[in-house]
Amino acid sequence: MTQLGFYVDTSKCTGCKTCQLSCKDDNQLPVGVNWRRVYEYGGGNWEENNDGTFSQDVFTYYASISCNHCARPACTKACPTGAMHKRPEDGLVLVDESVCVGCRYCEMACPYGAPQYSEEKKHMTKCDGCYDRLAQGLGPICVESCPLRALEFGPIEELRAKYGDRANVAPLPDPTLTHPSVVIGTCRHSRPSGDTTGAILNPTEV
Amino acid sequence: MKSWIENTLISPLKRRSFMKWGSAMGGAAAIAGSLPLKSVAKVNVEQANENVTKTTWSACLVNCGSRCALRLHTRDGVITSVETDNTGDENTFGLHQIRACLRGRSIKHRVYNPDRLKYPMKRVGKRGEGRFERISWDEALDLMADQLKDKAKRFGNDSIFCSYGSGTTGYRTDGRNALRRLLNMTGGYLNYYGNYSWGQIQFALPYTYGSKKPSAFGSYTTEIENSNLLVMFGYNPAETRMSGGGEIYEHMHAMKKRSVRTIIIEPRYTDTMLGKEDEWIPIRPGTDAALVEGIAHVLISENLVDQAFLDKYCQGFDEKSLPASAPKNGHYKAHIMGQGPDGVEKTPEWAAKITGIPVKRIIKLAREIGNAKPAYIVQGTGIQRQANGEQTARSIVMLPILTGNIGLPGTHTGDMPANYNYPVPRLPTGANPVKASIPFFKWTDAIIRADEMTDKTDGLRNCESLNNAIKMIICYSGNFVNQHAQSNRTAEILKDESLVEFITVIDNHMTPSARYADLLLPDVTYFENTEVTSNGYASGSQGVVFPMVPAIKPMYECRSAYDFCSSLAERFGIREKYTEGRTHEEWVEYLYAGAMAKDPQLPSLKDLQKNGPYKTIAPEEGRIALEDFRNDPETHALGTPSGKIEIYSTRLEQIAREWTLPEGDVITPLPQYVTTWESHLDPLTEKFPLQLIGFHTKGRVHSTYHNIPELREAVIDGVWINPRDAEARGIKNGDSVRIWNDRGETRVLAKVTPRIIPGVMALGEGAWYTPDRKGVDQGGCINTLTSHRNTPLSKGNPQHTNLVEIAKV
Amino acid sequence: MNELPLVIFTVLVQGAVGLFLCLGLVSILFPKTGEQAMNKAFVATMVMFGIGATAAIFHLGTPVRAFNVLNGVSHSSPLSLEIVALSLFGASAVAYTGMRLFNLQPALRKVLLPVAMVLGLVLVYAIAQVYTLSTVPTWDSGWTLFQFLMTAGVIGPVGAMTLLRWQSASAGHYQKMADRGLATFGLMMLVVAVTCFVGFVVYLGGLTLHSNPLAMMDYHSTLMLARVALMMVGVICAAVSATRGNHQVTGVAALCFLLVVVAEVMGRIFFYDIHISASAGM
């Protein structure tokens with residue numbers, strides 16, 4: 001099996017959310033369902049100096065995350081129906097929408113927020129790696145939409161060989177939990193997983 | 001101070017706070033519930049008869065500056081999804097794809113939108129109430145023609161105003177061009193000059209550099225890769241130039257190619273930064289000129305100025321190059337060192353108090369700028385949308401001037417950067433018989449106090465006074481109540497039917513401004529139209545020709561401007577003259593054939609429409625601004641009176657003498673920091689202690705795309721406020737807040753974030769003005785709070801100069 | 001609010017297990033307690049269990065596919081195993097109750113009762129396993145099982161007291177003894193639940209997470225105080241009234257039962273709200 005995965009370069013990403021919207025358009029997702037989400041992670045403090053001027057150590061960066069098609073997914077392990085499964089040929093984690101009962105247990109278990117409940121369909125939906133596009137020789141819609149070319153997709157081992165294997169970057173959890181098939185390109189501000197100096201600054205947008 | 005994290009996290013906005021017990025804020029779902037999505041627009045049945053899947057090329061025609069290719073997929077005549085450019089070569093700079101941003105990718109929801117105007121309508125209630133009844137196109141065009149004739153006869157054509165509007169930007173042969181062609185043939189209309197984007201800079205910099213076009217002096221951002229230091233004043237391409245093919249792409253490309261030390265001066269920690277910059281210097285809005293003067297003080301004191309350059313190329317740096325007309329000590333050096341008329345020495349300590357930037361940082365920045373050769377110093381245009389915007393724009397360009405960073409590889413003039421443009425031909429609009437022109441920002445004044453306005457007081461051009469007040473407004477794709485300053489005032493003026501007698505609005509959607517129409521005409525979206533357009537004005541070094549093929553048939557009873565203007569021309573008996581016997585498609589073909597004759601590389605129209613955008617790249621020559629002037633200042637003298645860079649402007653000296661300005665406003669021959677009304681030093685801060693600036697949100701383009709629930713979800717409209725200011729008022733992230741001053745009140749959510757300097761708030765412009773019965777705007781429209789008071793020199797829009805107070809609702 | 005069915009499900013099912021265990025103990029320790037009264041009490045317990053189990057269905061987006069949840073047994077999905085445990089306890093408890101009601105197979109019943117009681121404990125354990133997720137640090141500890149056991153431990157005795165008092169006329173003399181026994185057990189459970197809850201809070205405070213679960217505690221402070229107060233009032237009143245004996249205080253007992261159920265519902269709301277994943281809130 002060749003495990004497929006994403007590369008997300010936070011040093012290029014400007015948080016524009018084109019990936020999120022192009023995914024939404026291509027997959028006809030309603031408001032409230034976002035297979036790809038762009039997390040704004042940041043923090044820092046301000047100090048007023050004696051002369052009325054300010055000093056600060058503010059930092060922010062964005063992380064665009066869909067599903068990391070983990071090697072040991074928390075969602076498939078949790079799923080009581082087997083609807084959530086890992087495709088043998090390329091390791092994509094898919095939900096069989098004809099089997100899922102919509103119990104949302106995968107949503108609780110996944111630390112990345114990947115499984116998304118559809119109020120319309122009454123069951124779970126999620127990033128499917130655009131396997132239909134892959135079959136046509138295209139890339140995932142999000143990757144091909146990225147204005148800053150911050151996203152890549154392909155065999156995760158190739159991406160790791162090219163960009164290293166960092167996935168322990170906040171706001172992502174410790175990668176040893178689920179072994180995500182994602183490589184994060186870091187930037188000057190990147191903080192490790194488990195960082196408590198920052199927070200997701202756009203909780204209502206993701 | 002409690003850490004801001006604590007402050008924000010104690011709030012109930014944990015994303016998956018499963019029970020949301022007692023919490024009114026339900027996150028995205030709750031917001032989606034309040035969106036104006038009444039029902040999903042139904043597509044005309046007759047359109048659904050093609051039973052085929054198609055992909056057609058188009059482009060996004062909005063006023064973001066960029067222009068991006070779109071590929072629209074349709075099934076049975078209905079748009080199913082949208083992709084972007086997939087042509088060219090990603091590995092060859094210049095041939096790279098021009099990838100659309102999130103707005104372009106959500107275009108299908110603009111086409112199939114419950115707000116779409118479906119048929120002509122005329123007003124039945126009071127103006128502004130928003131009550132209309134459906135009429136036929138014949139009735140509508142008869143009414144329009146009668147009104148045009150009536151105003152021309154009773155007042156004169158100069159009482160007809162074709163208002164500012166950029167909701168559809170980029171049509172070459174239709175839209176605004178089609179309308180103006182008609183109006184020019186029927187006696188003309190009152191002109192305006194300037195625009196809300198560059199209101200100050202485009203008129204201020206010519207006094208220094210001597211030309212008219214704002215980007216005439218810019219170097220391309222490709223020059224960044226040749227520089228050793230990049231200093232950006234309020235330049236934020238990641239949020240204002242979002243195309244994946246234009247300025248931000250090019251900016252990133254240059255910065256990745258060679259890691260240039262980058263310093264960004266901004267009140268907000270913008271998306272252009274995010275660690276890509278080496279340093280962010282937060283600054284109070286409206287004080288950039290003070291920072292420049294503090295830097296200039298260090299440059300002069302430490303002998304870091306390029307004296308040879310100043311002597312040879314510039315007027316008014318010191319005694320040597322001061323013109324005879326200037327007063328003694330009227331030069332820049334005297335002004336900075338404390339020997340000028342104000343007697344104030346512009347030390348870094350002086351600048352620190354005004355700007356909020358520590359003294360040490362100012363000195364360090366000055367030394368960096370003074371020692372970096374070459375340095376690329378650039379400004380954005382948000383900072384000039386201030387009460388002292390002309391001064392700020394002219395001050396910032398002092399830094400490259402003082403250090404001689406002009407006309408050499410890796411340098412820039414300090415203006416906004418240059419962009420290449422492919423000259424796709426336009427429908428000839430003819431000349432306007434009416435010559436009088438008002439500043440774009442003074443149109444409401446031209447309704448209520450036209451008789452008082454003169455060239456010397458209100459910046460009228462081509463006339464000394466106005467013959468008429470504005471009596472009829474024709475608005476094509478504009479949102480004048482929403483986007484002009486002080487919305488409540490604009491609304492009140494327009495409600496008075498004795499002032500403007502007739503308002504026609506031509507648009508795709510029922511915007512807040514469309515509610516003030518007497519006649520509403522439904523325009524087709526550009527996906528229902530044929531066009532060949534060019535890149536916008538932010539494409540970097542790319543010049544592009546975009547094909548636009550109709551993806552779907554015109555919806556409902558919508559008609560394009562060219563189409564209904566042809567019928568309108570018939571009512572003036574000039575149909576033949578107007579159309580020259582051509583349909584709109586034939587105009588496109590005719591004009592394209594003309595373009596092909598000029599550029600043999602251009603593909604045939606059929607090939608263009610089939611294969612997508614034609615891309616060219618700017619020639620290497622001319623990428624460095626003022627290179628020719630630097631090489632030969634005699635032959636390539638500038639358009640200033642002296643032919644040199646005028647630090648001391650002779651023309652401004654004259655204007656300062658001749659013009660009448662309101663109390664407190666000044667025009668000075670030298671660029672200098674001026675403390676203005678509603679600055680952070682205004683005594684009004686006792687009542688309204690916070691500065692409020694606008695910014696271009698990623699979630700829409702001005703007010704276009706606001707009515708897309710998918711975008712409102714992705715980029716929540718919230719006022720940015722520093723945790724210090726929020727905590728002092730008991731405001732938490734996600735709280736509903738009211739923001740007010742003497743001009744109005746608006747309601748919005750709070751985004752408590754360390755990404756903004758204390759004492760300042762920022763609100764994305766363009767949210768739709770939604771006043772309730774008490775006149776409180778529920779829509780978060782910043783123009784509820786902005787002032788219609790104009791700037792001194794260009795009579796432009798100071799829409800980022802506002803003092804306000806905020807409280808939890 | 002989509003977890004509301006789960007709140008009802010877990011509280012009522014765990015409460016029903018507690019009730020079943022208490023009634024079972026009464027039945028074993030005080031075998032002479034009125035047969036009629038005990039039968040009705042067991043039936044009432046099964047009704048409570050049934051309501052709880054039914055509530056779970058409402059959590060499913062697509063309930064018509066409910067049987068699919070058994071597919072996951074093959075890969076030991078904790079949720080599938082929970083349903084298996086639910087079925088096993090349900091089947092044995094219902095069978096036992098039915099046999100009691102129709103007075104069938106007294107010998108088998110004697111074996112079946114302890115089996116069903118053990119399966120009840122297994123069920124509480126299985127429910128706890130569902131939430132003991134490595135990716136959710138606030139749930140990933142023995143405290144989850146502890147909280148669920150305490151729900152059974154508090155609701156069980158108070159519920160059993162209520163049911164027996166309701167039937168005190170037919171329950172006879174042993175009712176008083178059972179009542180006092182249950183009161184003692186209930187008070188013990190209360191002490192354990194309240195004191196150990198402090199330990200749970202300390203545990204939460206000690207977690208290194210992007211957002212402090214104690215902030216949620218702070219946010220829920222009124223809810224949490226009310227919860228402890230209701231639980232204490234419920235258990236203590238029930239216990240005090242037990243010393244006064246028999247049926248005059250049925251109303252008080254019923255009120256106490258209601259208070260502890262509400263208290264547990266509140267506690268469970270807090271439980272779902274402190275779902276803080278191992279990420280920084282993604």
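**Figure 1. Chain C of the predicted model.** Of the contacts in chain C with a separation of 6 or more, 79% are between residues 24 or more positions apart; two residues are in contact if their C-beta atoms, placed from the backbone, lie within 7 Å. This is a predicted model, in which local features need pLDDT of at least 70 and side-chain atom pairs count only at pLDDT 80 or more, while totals for chains, interfaces and linings use all residues. Residues are numbered from 1 along each chain as its sequence is written, and chains are lettered from A and ligands numbered from 1 in the order in which they are written. Chain C has ten helices and zero strands; helices (H or I, at least four residues) and strands (E, at least two) are DSSP runs, numbered from the N terminus. Its C-alpha trace spans about 60 × 40 × 25 Å along the principal axes. The radius of gyration of chain C is 19 Å, which agrees with the value near 19 Å for a compact globule of 282 residues; the radius is taken over C-alpha atoms, and the globule rule is 2.2 Å times the number of residues to the power 0.38. Of the 282 residues in chain C, 52% are buried. A residue is buried if 20 or more other C-beta atoms lie within 10 Å of its own, exposed if 12 or fewer, and partly exposed in between, with C-beta atoms placed from the backbone.

**Figure 2. The loop at Q105(C).** Q105(C) lies between α3 (78–101) and α4 (106–131) of chain C. Its phi is near 40°, a positive value in a residue other than glycine. Q105(C) counts as partly exposed, with 14 C-beta neighbours inside 10 Å.

Figure 3. Chain A has six helices and twelve strands. Its C-alpha atoms fill a box of roughly 65 × 35 × 30 Å along the principal axes, and 65% of its 206 residues count as buried. In chain A, 45 residues are in contact with 53 residues of chain B. The elements giving two or more residues to this side of chain A are α1 (18–26), β2 (37–43), β4 (54–56) and β5 (59–65). Among these, α1(A) gives the most, with seven residues. The side of chain A that touches chain B divides into 17 nonpolar, 20 polar and eight charged residues. Ala, Val, Leu, Ile, Met, Phe, Trp, Tyr, Cys and Pro count as nonpolar, Asp, Glu, Lys and Arg as charged, and the others, Gly among them, as polar.

**Figure 4. Two cis peptide bonds.** In chain A, the peptide bond from A170(A) to P171(A) is cis, with omega near 10°. P171(A) is in the loop between α6 (156–163) and β11 (182–185) of chain A. In chain B, K373(B) and P374(B) are joined by a cis peptide bond with omega about -5°. P374(B) is in the loop between α14 (359–371) and β12 (375–379) of chain B.

**Figure 5. Domains 1 and 2 of chain B.** The domain assignment gives chain B domain 1 (121–196 + 433–617), domain 2 (201–415 + 628–647) and domain 3 (683–808); such bounds come from an automatic or database domain assignment. The centres of domain 1 and domain 2 of chain B, taken over C-alpha atoms, are 37 Å apart. Their contact takes six residues from domain 1 and eleven residues from domain 2. On the domain 1 side, the residues divide into one nonpolar, five polar and no charged.

**Figure 6. Helix α7 of chain B.** Nine of the nine residues of α7(B) (residues 201–209) are buried, so the helix is largely enclosed by the rest of the structure. These buried residues, including F203(B) and Y207(B), pack against α15 (389–396), β20 (645–646) and α26 (650–658) of chain B. Just after α7(B), G210(B) takes a positive phi of about 90°.

**Figure 7. The loop at Q486(B).** Q486(B) is in the loop between α19 (480–483) and α20 (487–495) of chain B. Its phi is positive, about 60°, although Q486(B) is not a glycine. Q486(B) is buried, with 20 other C-beta atoms within 10 Å.
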